[in-house]
Amino acid sequence: MAHRSSAPESEPEIRFLGYLAEFDTTRKLLAACNQIRQAGYKKTDAYTPFPVHGIDGALGIKRTKLPFLVLGVGLVAVAVGIGMQWYVNGPTEDFWPFPGYTFRIGGMPEWSLPANIPVTFEIIVLLSAFATFFGMWAFNRLPQLSNPLFRLDRFKRVTSDRFFLMIDSDDPIFDETQTREQLEQAGAIMVERVDHDMSDAKLPGFLKPLTVCMLCLALLPPALIYRARGMTNPEPRLHAVPDMDWQDKSKSQTVSPLLEVAATTPTFLFGDGRAMRPDVAGSVAWGELSTDDRFYRGYEPGTFPTADAGSDENDVKPEPQWLTTFPDEVEIGDDLFKRGQNRYNIYCALCHGYAGYGDGLVTRRAMSLNIQGKGAWTQTKSLHDPAVVAQPVGRLYDTISNGRNSMGPYRAQIPEADRWAIVFYLKALQATNTAKIGETTAAVNSVDAVVAGSKNTDKDFGERE
Ligand code: HEC
């Protein structure tokens, strides 16, 4: 007899999983399920080629608890979303151990729930989706890498015309002979023992070292980056796209690029030796198309001071000759007044106040922050300030167009005609304070006309678009 190597083969670990009963109709399967449930079995499962109505009830399967899990995670997401935003925006300068950012923007409150709803909503959606997806996996004990039932030839018909009922061997009342008998009595065509060779369920041997290898390799790039950041390197840096790093270009206000450096005279790309090209003849700069200084800029044509006038630091900056009357394009009347009021309430009232006393909402909030030492806001000017009342309309127009001191320009938001309308309304506002009895000006007349024409004055004054 040949001498065999005595190395013992590792015993395959076989586990008895339970009985699989086969049925040929759904009716029989349902009846069997009912019997088995009534007999007190809990660890059962049915396999059918198509959904069978009533099988959940017959097997006594309870409704899934997944919705409760998702609800719980959703509530946690609310706390996370709100908490995170409160933390980064909120008043947490002294917050231990990491202070938040304490954003202060335009006088807005540091903590405001409505602004935090969208982000919170998104986080709820994200975390709930994860809870649903992974919760379903966990409840179903997925992933299951191998299913012993797939090894049974008989079980293959589960996708066409056979119905199966499985009773797990770890059910408390499972008994090898009795359970088999019960299944046969319940009408099974066939009852098969299911054994599971546990070595089947093992991951292929190479997978573990491979995973470890991949993880180690994945650590390599971050490690290299970390190392590179912490050291100096005399080598020139790598240029991945040299064409972009060294492209032919010339910066503004420099000399023209050289074509060649001849022995005596260099040859420039541009004959005039400048890198920047002058405007093509006839081109018009943005905003310069309009030549009508009165309407577009608010001063008498040709009175704009030259660039070097008043350049001495101590000189008063010379101003153009501002218009004292409205330009011809502006049609004085009630419509202008109404338009001006509407635009003023939209663009100016937030700072200057509806009546122009420099007490708009933004101003009030900002000034209260000033008092707390948290802001440096310039008090918004009252438009009834004698210095402002004395200003010609052209200068008011210019203030709206280009801003003044700490007030920003509004030319990008408000078209010229509307700026004039605002100036007209401004004059009317001022007239409410300065007009003498019996005095008539276009602005005062318009106030009178509009007030007389509107049924509800208060509402009209507060009107917004
Ligand atoms: C964001 C707030 C804000 C808005 C909006 C605003 N202003 Fe002002 N305005 C100011 C502040 C602040 C000053 C004072 C500037 C200074 O003296 O430094 C000022 C000053 C003025 C002055 C006086 C300028 C001078 O000669 O000293 C006028 C006139 C004026 N604003 C008109 C307007 C009009 C008209 C609008 C609407 C188009 C408007 N403002 C919108 C903040 C605002």
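Author: Start with helices: these are DSSP runs of H or I with at least four residues, and strands are runs of E with at least two, numbered from the N terminus. This is a predicted model, where local features need pLDDT of at least 70, side-chain atom pairs count only at pLDDT 80 or more, and totals for chains, interfaces and linings use all residues. Residues are numbered from 1 along each chain as its sequence is written, and side-chain values use heavy atoms, with hydrogens and water left out.

Reader: What follows H11?
Author: Gly373 does, and its phi is positive, near 75°.

Reader: Which residues of H11 are buried?
Author: In H11 (residues 361-371) they are Thr363, Ala366 and Leu369. Buried means under 20% relative accessible area, exposed over 50%, and partly exposed in between, using a 1.4 Å probe and protein chains only.

Reader: Why do they line one face of the helix?
Author: Because, seen down the axis of H11, the buried residues fall within an arc of 125°. The arc is that of the directions from the helix axis to the C-beta atoms. An α-helix has 3.6 residues a turn, so residues three or four places apart point the same way.

Reader: What is exposed on the other side of H11?
Author: Leu361, Arg364 and Ile371. As for the buried residues of H11, what covers them includes helix H10 (349-352).

Reader: New topic. Which protein donors does the iron atom of the ligand have?
Author: His352 (NE2) and Met407 (SD), at 1.9 to 2.1 Å from the iron. Donors are N, O and S atoms within 2.8 Å of the metal (3.2 Å for Na, K and Ca); water is not among the atoms, so sites may look incomplete.

Reader: Where in the chain are those two?
Author: His352 is in helix H10, and Met407 is in the loop between helix H13 (393-402) and helix H14 (416-434), 55 residues apart.

Reader: Are they buried or exposed?
Author: His352 counts as buried, at 11% relative accessibility. Met407 counts as partly exposed, at 29%.

Reader: Last one: how many disulfides does the structure hold?
Author: It holds 0 disulfides, a disulfide being a pair of cysteine sulfur atoms within 2.5 Å.

Reader: Which cysteine sulfur is closest to that of Cys213?
Author: The one in Cys216, but at 6.6 Å it is too far for a bond. Cys213 counts as partly exposed, at 46% relative accessibility, whereas Cys33 is buried, with a relative accessible area of 1%.

Conventions. Contact means heavy atoms within 4.5 Å.
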